[in-house]
Amino acid sequence: IAVPRYASAIARYHAKAVAWRIAIDLELARKFSDQASTTRTVTFDATNHAYTLSNIRSSDDGANDTVVDLTADPYRAKIVSVDFGGDAVVIFSGYGVPDSGGTVVVQSGSVQYTVMLDASTGKATVQ
């Protein structure tokens, strides 16, 4: 009886953690672009369930770009869909404004969350 509930709780945890990580990274890209007055790009790869923050240095390996693999621990999730104005890329201007709003749907087990990016403010929310 407890195993299905535990598995469901773990799936909820992983899906929510991934959604919040994406929302926080979108906010990070927005802030970096505004502070440096240069563009920052976030590119999603739904096939490989990963995304890249361009010109935002990873604290893990010191590379110029940060790549987040959502299939790895601690997330163990996947990208179901991405849509930022018809593509999988969002570009924040030097003022921190995204080129388009959009959504990223992530899933772990049967649990899905949606990250929404507001086109006018650049604010990311999780639903």
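**Figure 1. E27 and its salt-bridge partner R30 in the predicted model.** Start with E27, which counts as partly exposed in this predicted model, at 23% relative accessibility. Salt bridges that share partners tie E27, R30 and K31 together into one network. Look at the pair made by R30 and E27: their closest N and O atoms sit 2.7 Å apart, and that makes a salt bridge. Where are the two along helix α1? R30 and E27 are three residues apart there, so about one helical turn separates them. As a bit of background, side chains of opposite charge can pair when their charged atoms come close.

**Figure 2. R21 and D25, another pair in helix α1.** Here the side chains of R21 and D25 meet in a salt bridge, with 2.8 Å from N to O. Both residues belong to helix α1, which covers residues 2–36, and they are four residues apart, about one turn of the helix. Is D25 buried or exposed? D25 counts as buried because its relative accessibility is 7%, and the cut-off for buried is under 20%. R21, on the other hand, is partly exposed, with a relative accessible area of 26%.

**Figure 3. D73 and R76, joined by their side chains.** This close-up shows D73 and R76, whose side chains meet in a salt bridge at 2.5 Å, N to O. D73 has a relative accessible area of 57%, so D73 is exposed. How many salt bridges turn up when the whole structure is searched? The search finds four, and the one between D73 and R76 is among them.

**Figure 4. An open sheet built from four strands.** Follow the strands across the sheet and you get the order β3-β2-β1-β5, with antiparallel pairing. Which strands are at the edges? They are β3 (66–69) and β5 (89–92), and each of these pairs on one side only. On average, neighbouring strands of this sheet are turned by 10° against each other, if you ignore direction.

**Figure 5. Strand β2 and its neighbours β1 and β3.** Zoom in on the sheet and you can pick out single pairs of residues. Strand β1 (residues 40–45) pairs with strand β2 (residues 50–53) in the antiparallel sense, over four bridges. If you'd like one example to find, D45 has A50 in β2 as its bridge partner. Strand β2 is also joined to β3 by four bridges, and these two strands run antiparallel. Here, T52 stands opposite V67 in β3. Which residues of β3 are on its covered face? T66 and V68 are on the covered face, while V67 and D69 are on the uncovered one.

**Figure 6. K78 and the residues around it.** K78 has its place in strand β4, which covers residues 78–83. With a relative accessible area of 38%, K78 is partly exposed. Which residues does K78 touch, leaving aside its neighbours within four places in sequence? The contacts are H49, V105, V106 and Q107. Also find S108: K78 and S108 are 30 residues apart in sequence, yet their C-alpha atoms are 6.5 Å apart in space.

**Figure 7. V115, a buried residue in strand β7.** V115 is found in strand β7, residues 111–117. V115 counts as buried because its relative accessibility is 1%, and under 20% is what buried takes. Once you set aside the neighbours within four places in sequence, V115 is in contact with a whole list of residues, including A19, I22, A23 and L26. The list also includes G102, T103 and V104, as well as A124, T125 and V126. Another residue to look for is V82, 33 residues from V115 along the chain, with 9.5 Å between their C-alpha atoms.

**Figure 8. Stepping back to the whole chain.** Along its principal axes, the C-alpha trace spans about 55 × 30 × 25 Å. Buried residues make up 39% of the 127 residues. Among contacts with a separation of 6 or more, 49% are between residues 24 or more positions apart. The accessible surface comes to about 7,000 Å², and 53% of that belongs to carbon and sulfur atoms.

Conventions
Residues are numbered from 1 along each chain as its sequence is written. This is a predicted model: local features need pLDDT of at least 70, side-chain atom pairs count only at pLDDT 80 or more; totals for chains, interfaces and linings use all residues. Side-chain values use heavy atoms; hydrogens and water are left out. Buried means under 20% relative accessible area, exposed over 50%, partly exposed in between (1.4 Å probe, protein chains only). Two strands pair if DSSP finds at least two bridges between them. Axes are lines fitted to C-alpha atoms, for helices over the stretch in contact, and angles run from 0 to 180 degrees between N-to-C directions. Contact means heavy atoms within 4.5 Å. Accessible areas come from the Shrake-Rupley method with a 1.4 Å probe; for residues, only the protein chains shown count as cover.
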